[in-house]
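Here is a friendly walk through a structure with the sequence and the coordinates side by side.

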Amino acid sequence: MWRKAILLSLREKRVFVVFTLIYTTLIFLTSFFIDLGIDGNFGEMAWNFVLIFFGTSLFLSMLYAWILVSRKRRIWATFKCIGYTNKNILSLVSGMIFFTTLVGFFIVIEVLFHYAAIIAYVNQTDLNIALLILVDLVPVVVTSGIFIGVQIVAFILAYRKVLKVRPIIALKKVGE
Amino acid sequence: MSEKDIMIDAIDVNKEYRRAGAIIRALADVNLKIRSGEFVIIQGPTGCGKSTLLNVLSGLDLPDSGRIIFDGENIARATEDRLSRLRRQKIGFVFQDFNLVNTLTAIENVESVLWPTVLRQKEIENRAIAALRDVDLLDRKDHFPVQMSGGEQQRCAIARAIIHRPRVILADEPSGNLDPQSEKEVMGLLKKINKEMETTILVVTHRDLSSYGDKTINMDNGKITKIK
């Protein structure tokens, strides 16, 4: 079912691209501020920003879950008619949310690698290793881990909404 | 008719709805026996209770009272998970609006029925190809629903309904959104499936499609008025 969740995510191009970009930005900013907080460069403010970003990620996950279940109620209702259980549908929805975050994580890592490569390329004669690393790997991994953890709330919300989708909706005529 | 031959047995089924404060009796003491392999047309005017009957016979809705014996099992009080399994194993659905997933190709739509099963992807694909071949739509397998005509979309939906070789196909106004030529094709296809696969077929319609059925049930005001 996870592979099918990925397939459904990729086919939902617009929603997938928008949420992936938002997640990417959030993961980058959160890990950047965690990095600043650990270094003590930005004082208390850094941690306040980190908290705001985690709150935003929670809101975002819930919004994504709501969009996936509510906007596609007819599809989930049809799937229920053809024999899907609530758990089957939740696997698809949570897989779609999880995959989006994972892609955001990989994009951030990729961007950081490219940043390091470009800086190294431009400053070949005066190479300082500290210059190469914009954000350490650890804050990025920790941030992504926490973002995925936060999504459990979204999964619970999605499950409650999936339970409410009655298969009978699929039999209603469009516009009825 | 022996008990073994009966696929669906509805006994004293009642169903009421409350709409805008008024109680509407959608099904009133309905008794119905459908034999295995029968092609049954349920017809009647809008609001006569035929769709409600289809819903309760398939376990999509529960009757207020009465029993529904589906292939030997009383489903009127079955759990939601049990009903899901029953639908996955024994029932295929065909909808008036086709209800295909627009972001999936024809073959992926057909395969989607078997995604939650333990079958390997190759086996699922083989079955989907066979189902699409049965409905003569194999050449359109990589097309998305928007790239197909109404008749083709309904044939794709029929392929989705037969991929798991169900005992019963329930079709709710399957030709309601089709032109007369496509209606002929779709109904002919259901007839072919009924004959070749010995699948029991129930078609709910407000049109006169009695020429396709072995049995025609007329409904009005929640009651069966005539069985022919």
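B:D81 is exposed, because 11 other C-beta atoms lie within 10 Å of its own, and a residue counts as exposed at 12 or fewer. Please keep in mind that this is a predicted model. B:D81 belongs to helix α2 of chain B, which covers residues 80-90.

How far apart in space are B:D81 and B:G188? From C-alpha to C-alpha the distance is 34 Å, and along the sequence the two are 107 residues apart.

## Chain B as a whole

Six helices and ten strands make up the elements of chain B. Its radius of gyration is 17 Å, which agrees with the value near 17 Å for a compact globule of 228 residues. Along the principal axes, the C-alpha atoms of chain B fill a box of roughly 45 × 40 × 40 Å.

Of the 228 residues in chain B, 48% are buried. When contacts in chain B between residues at least 6 apart in sequence are considered, 69% of them join residues at least 24 apart.

## An open sheet in chain B

Now for the strands. Four of them form an open sheet in chain B, in the order β2-β1-β4-β5, with antiparallel pairing. The edges are taken by β2 (22-35) and β5 (73-74) of chain B; each has a single partner strand, so one side of each is left without a neighbour in the sheet. In general, strands of a sheet pair through backbone hydrogen bonds, either parallel or antiparallel.

At the β5 end of this order, strand β4 of chain B (residues 65-70) pairs with β5(B) in the antiparallel sense, over two bridges. Which residue in β5(B) is the bridge partner of B:F70? That partner is B:E73.

## Chain A: helices throughout

Chain A has seven helices and zero strands, so from the N terminus on its elements read α-α-α-α-α-α-α. The radius of gyration of chain A is 20 Å, well over the 16 Å that the globule rule gives for 176 residues, so the chain is more spread out than a compact globule. A box of roughly 70 × 35 × 25 Å, taken along the principal axes, is filled by the C-alpha atoms of chain A.

Of the 176 residues in chain A, 36% count as buried. Among the contacts in chain A with a separation of 6 or more, 83% come from residues 24 or more positions apart.

One pair of helices in chain A is worth a visit. Helix α3 (residues 44-70) and helix α5 (residues 86-122) of chain A pack with their axes 10 Å apart, at an angle of about 140°. The two helices α3(A) and α5(A) are therefore oblique to each other, and their crossing is right-handed.

Which residues meet here? On the α3(A) side they are A:S61, A:Y64, A:A65, A:L68 and A:V69, and on the α5(A) side A:V93, A:M96, A:I97 and A:T100.

## Where the chains touch

Finally, the two chains come together: 21 residues of chain A are in contact with 21 residues of chain B. On the side of chain A that touches chain B, the elements giving two or more residues are α1 (2-11) and α4 (73-81) of chain A. The largest share of that side, five residues, comes from α4(A).

Terms used
Residues are numbered from 1 along each chain as its sequence is written. Chains are lettered from A and ligands numbered from 1 in the order in which they are written. This is a predicted model: local features need pLDDT of at least 70, side-chain atom pairs count only at pLDDT 80 or more; totals for chains, interfaces and linings use all residues. Helices (H or I, at least four residues) and strands (E, at least two) are DSSP runs, numbered from the N terminus. The radius of gyration is taken over C-alpha atoms; the globule rule is 2.2 Å times the number of residues to the power 0.38. A residue is buried if 20 or more other C-beta atoms lie within 10 Å of its own, exposed if 12 or fewer, and partly exposed in between; C-beta atoms are placed from the backbone. Two residues are in contact if their C-beta atoms, placed from the backbone, lie within 7 Å. Two strands pair if DSSP finds at least two bridges between them. Axes are lines fitted to C-alpha atoms, for helices over the stretch in contact, and angles run from 0 to 180 degrees between N-to-C directions. Angles under 35 degrees count as roughly parallel, over 145 as roughly antiparallel, 65 to 115 as roughly perpendicular and the rest as oblique. A crossing is left-handed if the near helix is turned anticlockwise from the far one by less than a right angle, and right-handed if clockwise.
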